[in-house]
Amino acid sequence: MQMIGVIKTFPSPSGPVEVLRHIDLVIQPGEFVLITGPSGSGKTTLLNLASLMDSPTAGEVVFDGARVSTMDDGALCAVRKRKIGMVFQRFCLLSNRSAFDNVLFRFRYVEGVNVDAVELASKALATVGLSRMGDRLARKLSAGEMQRVAIARAIALKPDLLVADEPTGNLDADSAMTVMECFRQLNEQGITVLMVTHNEALRGYATRHHVCRSGVLE
């Protein structure tokens, strides 16, 4: 994934507000890139661009060799479904469904792909160490377990890029360490990881660290 001279502005009553300023970022396959910075620095906006959830005001985003600006909505949606997994601070689970059903939900909108969803969902839960909790309702899991279910859902289709927005923000220290070890292991298995966080103590898990300040990446 590449960002080349990316600028992102948002409208305001007093005129456009520049949130990201001339971002140049290259993430090679197999990297674990961590971006830290204070609230309002542009981290989440950058993540939204990297995950193809938003488009830049100027500049170019390139994913898997293709310029995002040349893709129509259908093509963008297909790439997000198949090649990008997303994990958020809020776990976004169906509270009255089992852990397994939450992971299986990942396959609901994937069309035209011949996959064994049950097998892949089971493997994803095993990967995050929750194979024995597949039948447990999400609302009965601890916060750390819920986040691991969310990670399993994100990796169930074996994405090329796993993006995570403050994935330890709602966790205690021990649960956060367990979740970060999951990310480390997934990265060692070949999944590229891009994570943003306020917590600079997590730098040791990454292969590369950037700081985002006032829309500028350092």
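Analyst: Helix H5 covers residues 143-155, 13 residues in all, and spans 19 Å from its first C-alpha to its last. That is close to the 18 Å expected at 1.5 Å a residue, the expected span being 1.5 Å times one less than the number of residues. Helices here are DSSP runs of H or I with at least four residues, strands are runs of E with at least two, and both are numbered from the N terminus. The model is predicted: local features need pLDDT of at least 70 and side-chain atom pairs count only at pLDDT 80 or more, whereas totals for chains, interfaces and linings use all residues. Residues are numbered from 1 along each chain as its sequence is written, and side-chain values use heavy atoms, with hydrogens and water left out.

H5 is mostly covered, with 12 of its 13 residues buried. Buried denotes under 20% relative accessible area, exposed over 50%, and partly exposed the range in between, with a 1.4 Å probe and protein chains only. Among the buried residues of H5 are Gly144, Glu145, Arg148 and Arg153. The partners of the buried residues in H5 are strand E6 (84-87), helix H3 (99-104), helix H4 (117-127), strand E7 (161-165) and helix H6 (173-188).

Gln147 illustrates this burial: its place is in H5, and its relative accessible area is 0%. Beyond residues up to four places away in sequence, Gln147 touches Val87, Phe88, Gln89, Phe91, Pro167, Leu171 and Val179, contact meaning heavy atoms within 4.5 Å.

Turning to the pairing with H4, the axes of H4 and H5 come within 8 Å and cross at roughly 135 degrees. Axes are lines fitted to C-alpha atoms, for helices over the stretch in contact, and angles run from 0 to 180 degrees between N-to-C directions. H4 and H5 are therefore oblique to each other; angles under 35 degrees count as roughly parallel, over 145 as roughly antiparallel, 65 to 115 as roughly perpendicular and the rest as oblique. Ala124, Leu125 and Thr127 of H4 meet Val149, Ala152 and Ile155 of H5 in this contact. By class, the contact has five nonpolar, one polar and no charged residues. In this scheme Ala, Val, Leu, Ile, Met, Phe, Trp, Tyr, Cys and Pro are nonpolar, Asp, Glu, Lys and Arg are charged, and the others, Gly among them, are polar.
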